Amino acid sequence: MFKRFIFYGFVGLCMEVIWTGLGALLNGDIKLSGTTYIWMFPIYGSAVFLEPIQTKLRNMPFILRGGVYGILILLTEYVSGIFLRYLIGCCPWDYSGNPLSLNGVIRLDYFPVWCCVGLLFEKIHSTLDRVYITT
C-alpha cells in the first residue's frame with residue numbers, strides 16, 4: 001500500500017503541473033508555467049484508498065463509476081482544504097472568486113475533471129495489479 005501511495009502521489013503532482021501548465025497556456029503564458037503544492041502529494045497519494053471502491057465498481061457502467069469517483073475526490077479535496085486551513089491557516093488553492101466554489105476549497109465545475117481523474121486512477125490501479133506493485 002505504501003508504494004502505491006507514493007506512486008499515486010507522484011502521478012497526481014505530475015497531472016496537476018500539466019493541468020496548470022495547460023491552463024497557463026490558455027491564459028496566454030507560452031512558457032506553460034505549471035504549479036502544484038507539496039501538500040498535494042499526500043492528498044493525491046490518498047487515491048490508494050479508492051482502490052477497494054474501484055474493485056467493487058469495476059463491472060458498473062463507466063459513467064456511474066466516474067460519478068462516484070468525482071464525488072469522492074471532491075469530498076477529499078473539500079476535507080483536505082478545510083483541514084489545511086485549520087492546520088496552516090490557509091488553503092494553498094483558493095477558488096473564492098469562482099461562483100461555483102464551495103467555501104473557496106472546491107469548484108463544482110471541476111466535477112467532470114475529477115470523474116475523469118478517478119477513471120484514470122482506476123486504469124492505473126488495474127495496470128499496477130497486472131504489472132508489479134502489490135499492496
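## Salt bridges

The side chains of Asp 129 and Arg 4 form a salt bridge, with 2.8 Å from N to O; the term stands for a side-chain nitrogen of Lys or Arg within 4 Å of a carboxyl oxygen of Asp or Glu. Asp 129 lies in helix 5 and Arg 4 in helix 1, so the pair ties together parts that are 125 residues apart in sequence. Helices (H or I, at least four residues) and strands (E, at least two) are DSSP runs, numbered from the N terminus. Arg 4, at 1% relative accessibility, counts as buried, whereas Asp 129, with a relative accessible area of 45%, is partly exposed. Buried means under 20% relative accessible area, exposed over 50%, and partly exposed in between, with a 1.4 Å probe and protein chains only.

The model is predicted: local features need pLDDT of at least 70, side-chain atom pairs count only at pLDDT 80 or more, and totals for chains, interfaces and linings use all residues. Residues are numbered from 1 along each chain as its sequence is written, and side-chain values use heavy atoms, with hydrogens and water left out.

A search of the whole structure finds four salt bridges. One of them joins Arg 107 and Asp 109, whose closest N and O atoms are 2.6 Å apart. Arg 107 counts as buried at 17% relative accessibility, and Asp 109 as partly exposed at 31%.

## Arg 65 and Glu 122

Arg 65 lies in helix 4 (residues 62–88) and counts as buried, at 11% relative accessibility. A salt bridge links the side chains of Glu 122 and Arg 65 (2.8 Å, N to O). Glu 122 belongs to helix 5 and Arg 65 to helix 4, so this pair ties together parts that are 57 residues apart in sequence. Both Glu 122 and Arg 65 are buried.

Which backbone oxygen lies 2.6 Å from a polar atom of the side chain of Arg 65? That oxygen belongs to Met 60. The side chains of Arg 65 and Glu 122 also make a polar contact at 2.8 Å. A polar contact is a pair of N or O atoms within 3.5 Å; within protein, one must be able to donate a hydrogen and the other to accept it, and residues adjacent in sequence count only if both atoms are side-chain atoms. With neighbours within four places in sequence left aside, Arg 65 is in contact (heavy atoms within 4.5 Å) with Leu 57, Arg 58, Met 60, Leu 119 and Glu 122.

## Nonpolar core

The largest nonpolar core has 28 residues, of which Tyr 8, Met 40, Trp 93, Trp 114, Phe 121 and Ile 124 touch the most other members. Such a core is a set of buried Ala, Val, Leu, Ile, Met, Phe, Trp, Tyr and Cys residues joined through side-chain atoms within 4.5 Å. Two or more residues come from each of helix 1 (2–26), helix 2 (40–45), helix 4 and helix 5 (111–131). Helix 5 gives the largest share of this core, six residues.

Trp 93 is in contact, neighbours within four places in sequence aside, with Tyr 37, Met 40, Ile 43, Glu 77, Ser 80, Gly 81, Leu 84, Gly 104 and Val 105.

## Helix 5

How many residues does helix 5 have? Helix 5 has 21 residues and reaches 30 Å from its first C-alpha to its last, close to the 30 Å expected at 1.5 Å a residue. The expected span is 1.5 Å times one less than the number of residues.

Buried residues of helix 5 include Trp 114, Cys 115, Phe 121, Glu 122, Ile 124, His 125 and Leu 128. The buried residues of this helix pack against helix 1, helix 2, helix 3 (51–57) and helix 4.

## Leu 108

Leu 108 sits in the loop between strand 2 (106–107) and helix 5 and is partly exposed, with a relative accessible area of 45%. Leu 108 and Gly 12 are 96 residues apart in sequence and 19 Å apart in space, C-alpha to C-alpha.

## Cysteines

With a disulfide taken as a pair of cysteine sulfur atoms within 2.5 Å, the count comes to zero. Cys 90 is in no disulfide, and the nearest cysteine sulfur, that of Cys 91, is 7.4 Å away. Cys 90 counts as partly exposed, at 39% relative accessibility. Cys 116 is likewise in no disulfide, the nearest cysteine sulfur being that of Cys 115, 6.6 Å away. At 52% relative accessibility, Cys 116 counts as exposed.
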